Amino acid sequence: MFEISPTEWTAILLSLRVAIVATLVATPLGIALAWLLARRDFWGKSMLDALVHLPLVLPPVVTGYLLLLALGRRGFLGAWLADHLGIVFAFRWTGAALACGVMSFPLLVRPIRLSIEAVDRRLEQAAGTLGAAPWQVFLTVTLPLALPGVLAGMVLGFAKAIGEFGATITFVSNIPGETQTISSAIYSLIQTPDGDLAAGRLVIISIVIAMSALVASEWFARRATRRLHGN
Amino acid sequence: MLRVDVTKHLGEFTLSAAFTSEGRVTGLFGASGAGKTSLINMIAGLLKPDRGIISLDGETLDDTEARVHVPPYRRRIGYVFQDARLFPHLNVQQNLDYGRRMNHLPDDPAQRSRVTDLLDIGHLMDRRPGKLSGGERQRVALGRALLSKPRLLLLDEPLGSLDEGRKVEILPYLIRLRDEGIPMVYVSHDAAELRQLATQIVMLRRGEVTAFGGVKVLTASPK
């Protein structure tokens, strides 16, 4: 039963690539946004907060369709990017990474924001009196103390990205070798008369990946608590 | 020379203080809630006055009319907090080195060993703050502030979180520090402590300066 076929391998590796790229690109943006939401007050903050969480509550097919409208070949952004920068998302694996990144963004930002909020501002003040400019305070005090939360957010975002289905298939379809991830491969297999066994294998693999990600995120959360207590 | 003339509204409480201090150790004396911490937070730049002027050695740090507010990290004023505030993710050595690194000062091993000897913290270098006693933490905080080479050192009840035994342990270090010659502003509600350390007293009561002068003004006041 556990003979994984080349097509299945392709889907697994593509899923990993899509999720890793999505997480790595989303993380710096997520840290910047989490810091803004945790530490700054500005006009439109609650709107921004709602916007970040939107992919969590919208039907994924809606998010995917909006991405298609904006970034498809004829989309207002997509056409411009293709003509001027040669960047195409539609029906490419990069588009799958983008869809996964957008869908996992709220899950990535939340733990980072919470861990930044948990950093004692009095320590940041102390750093200021020692001569650290605000960006130095962020890099030498805030970020290191929030690091376990950042890692937890990355793990959670990665787990979400690797399982994403609705937005991805709407935006970039289900092309084997280009945009067919584990999820869309399972979807195709269970619609094929004798695909059950192969689907079962992929199901087990996705459970293993998701479980490892959750265990890892739990571990990071525990480390965060210990670290903030200074031992 | 430190010149302070500020007003700050804090809830229903108004802090209004003016004094000029030439002394080596200026003691800010008053009961809790008198506005001592708010006042030195303004000197440090952590709190903006609503109105007034703060200047140090002729350099304006705050001037509300001219809209001047120098941020804390450009003031070169060291601050020893009551709760030490050591960085929990750094060991003692890295904590001590923090100010030097942030100010891009060259490494100065002679100064470092002088400060660590002065405070007897040489044997703690590899420890994390979580593994230090209250007195050790406070000594490291003193060393950390000193090694950032401040022009003025602010101390907010540095003995406040320590029990009697620990206070006796730290006080001699503070006296040594005073004799090093760095100007200090020392906040305390303990007249006995200030009598030993301060050269000049600013007495605060409910947000106002009620007396100013030598340590003798302490004897006139009920504790």
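This is a predicted model: local features need pLDDT of at least 70, side-chain atom pairs count only at pLDDT 80 or more; totals for chains, interfaces and linings use all residues.
Residues are numbered from 1 along each chain as its sequence is written, and chains are lettered from A and ligands numbered from 1 in the order in which they are written.

**Chain A as a whole**

Keep chain A selected and colour it by secondary structure: it has ten helices and zero strands, where helices (H or I, at least four residues) and strands (E, at least two) are DSSP runs, numbered from the N terminus. Its C-alpha atoms fill a box of roughly 70 × 45 × 30 Å along the principal axes. Of the 231 residues in chain A, 44% are buried; a residue is buried if 20 or more other C-beta atoms lie within 10 Å of its own, exposed if 12 or fewer, and partly exposed in between, with C-beta atoms placed from the backbone.

Now colour by pLDDT, the predictor's confidence in each residue, from 0 to 100. Chain A averages 90, and 97% of its residues score at least 70. Among the elements of chain A, helix H6 (residues 121-129) has the highest mean pLDDT (96), and helix H10 (residues 196-228) has the lowest (84).

**Two helices of chain A**

Next select helix H1 (residues 6-39) and helix H7 (residues 134-163) of chain A, whose axes come within 9 Å and cross at roughly 140°. Such axes are lines fitted to C-alpha atoms, for helices over the stretch in contact, and angles run from 0 to 180 degrees between N-to-C directions. H1(A) and H7(A) are therefore oblique to each other, since angles under 35 degrees count as roughly parallel, over 145 as roughly antiparallel, 65 to 115 as roughly perpendicular and the rest as oblique. Show side chains at the contact, including A:Ala19, A:Ala22 and A:Gly30 of H1(A) and A:Gly153, A:Gly157 and A:Phe158 of H7(A). The residues of this contact divide into ten nonpolar, six polar and no charged; Ala, Val, Leu, Ile, Met, Phe, Trp, Tyr, Cys and Pro count as nonpolar, Asp, Glu, Lys and Arg as charged, and the others, Gly among them, as polar.

**Across to chain B**

Bring up chain B, in which 21 residues are in contact with 19 residues of chain A. On the chain B side, the elements that give two or more residues are strand E7 (77-80) and helix H2 (92-102), and by class this side has twelve nonpolar, six polar and three charged residues.

Stay on helix H2 of chain B and pick B:Arg101, which lies in it. With 16 C-beta neighbours inside 10 Å, B:Arg101 counts as partly exposed, and its C-alpha atom is separated by 8.6 Å from that of B:Ser148, 47 residues apart along the chain.

**Loops of chain B**

Finally, select B:Asp57, in the loop between strand E4 (51-56) and strand E5 (59-63) of chain B. B:Asp57 is not a glycine, although its phi is positive, about 50°, and with 10 C-beta neighbours inside 10 Å it counts as exposed. Then move to B:Arg67, in the loop between E5 and strand E6 (68-69) of chain B, where phi is near 55°, a positive value in a residue other than glycine.

Notes:
Two residues are in contact if their C-beta atoms, placed from the backbone, lie within 7 Å.
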